[in-house]
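Welcome, and thanks for taking a look at this one. Please open the model in your viewer and keep it beside the text as you read.

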Amino acid sequence: VYPNPSSGIFNVTASAAKQSLIEVYNSFGERILNSTRAPGSLLIDLSAQPNGVYLIRVSQDKGSNAKPIVIQK
């Protein structure tokens with residue numbers, strides 16, 4: 001996931017050969033994005049969200065990985 005921090009536009013790269021479930025949660029634990037994508041690079045636009053720390057989780061059949069992302073405008 002890059003760049004981090006960002007003004008709200010993030011690139012997510014999934015290197016596995018299978019589909020990925022991408023979820024983004026705000027600081028209240030509310031899911032604000034839920035998307036299933038094919039392998040490769042994905043552009044996520046969170047620019048409508050307020051400044052803060054969010055959690056992005058990428059899940060595949062072999063497990064998941066979560067990382068905090070920061071929006072700073």
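What follows is a short tour of this predicted model, from the whole chain down to single side chains.

## The chain as a whole

The protein chain contains zero helices and six strands, and its pattern along the sequence reads β-β-β-β-β-β. How does its radius of gyration compare with the globule rule for 73 residues? The value is 12 Å, close to the 11 Å that the rule gives, so the chain is as compact as a globular protein of that length.

Along the principal axes, the C-alpha trace spans about 35 × 20 × 15 Å. Of the 73 residues, 29% count as buried. If you take the contacts with a separation of 6 or more, 51% of them come from residues 24 or more positions apart.

## The four-stranded sheet

Four strands form an open sheet in the order β3-β2-β5-β6, with antiparallel pairing. At the edges lie β3 and β6 (63-71), each of which pairs on one side only. From one strand to the next, the twist averages 15°.

Let us go through two of the pairings. Strand β2 (residues 20-25) runs antiparallel to β3, and six bridges join them. In this pair, Leu 21 sits opposite Thr 36 of β3. The β2 and β5 pair is also antiparallel, with five bridges, and here Tyr 25 is opposite Leu 55 of β5.

Asn 26 belongs to the loop between β2 and β3. Is Asn 26 buried or exposed? Its relative accessibility is 15%, and because the cut-off for buried is under 20%, Asn 26 counts as buried.

Beyond its neighbours within four places in sequence, Asn 26 is in contact with Ile 32, Val 53 and Tyr 54. The C-alpha atoms of Asn 26 and Gly 52 are separated by 8.1 Å, although these residues are 26 apart along the chain.

## A salt-bridge network around Glu 23

The count of salt bridges comes to two. Which residues are linked in a network of salt bridges? They are Glu 23, Arg 31 and Arg 57. Glu 23 bridges to Arg 31 with the closest N and O atoms 2.9 Å apart, and to Arg 57 with a closest N and O distance of 2.5 Å. The bridge to Arg 57 links distant parts of the chain: Glu 23 is in strand β2 and Arg 57 in strand β5, 34 residues apart.

Glu 23 has a relative accessible area of 4% and is buried. Arg 31, at 48%, is partly exposed, and Arg 57 is partly exposed at 30%.

## Thr 36 and Ser 59

Thr 36 lies in strand β3 (residues 31-37) and, at 48% relative accessibility, counts as partly exposed. Ser 59 lies in strand β5 (residues 52-60) and is buried, with a relative accessible area of 17%.

Setting aside residues up to four places away in sequence, Thr 36 is in contact with Gln 19, Ser 20 and Leu 21. Ser 59 touches Gln 19, Ser 20 and Leu 21 as well, along with Ser 64. In the sheet order, β2 stands between β3 and β5. To see the spacing across this part of the model, select the C-alpha atoms of Thr 36 and Gln 60: they are 9.9 Å apart, with 24 residues of separation along the chain.

How values were computed:
Residues are numbered from 1 along each chain as its sequence is written. This is a predicted model: local features need pLDDT of at least 70, side-chain atom pairs count only at pLDDT 80 or more; totals for chains, interfaces and linings use all residues. Side-chain values use heavy atoms; hydrogens and water are left out. Helices (H or I, at least four residues) and strands (E, at least two) are DSSP runs, numbered from the N terminus. Buried means under 20% relative accessible area, exposed over 50%, partly exposed in between (1.4 Å probe, protein chains only). Contact means heavy atoms within 4.5 Å. Two strands pair if DSSP finds at least two bridges between them. Axes are lines fitted to C-alpha atoms, for helices over the stretch in contact, and angles run from 0 to 180 degrees between N-to-C directions. A salt bridge is a side-chain nitrogen of Lys or Arg within 4 Å of a carboxyl oxygen of Asp or Glu. The radius of gyration is taken over C-alpha atoms; the globule rule is 2.2 Å times the number of residues to the power 0.38.
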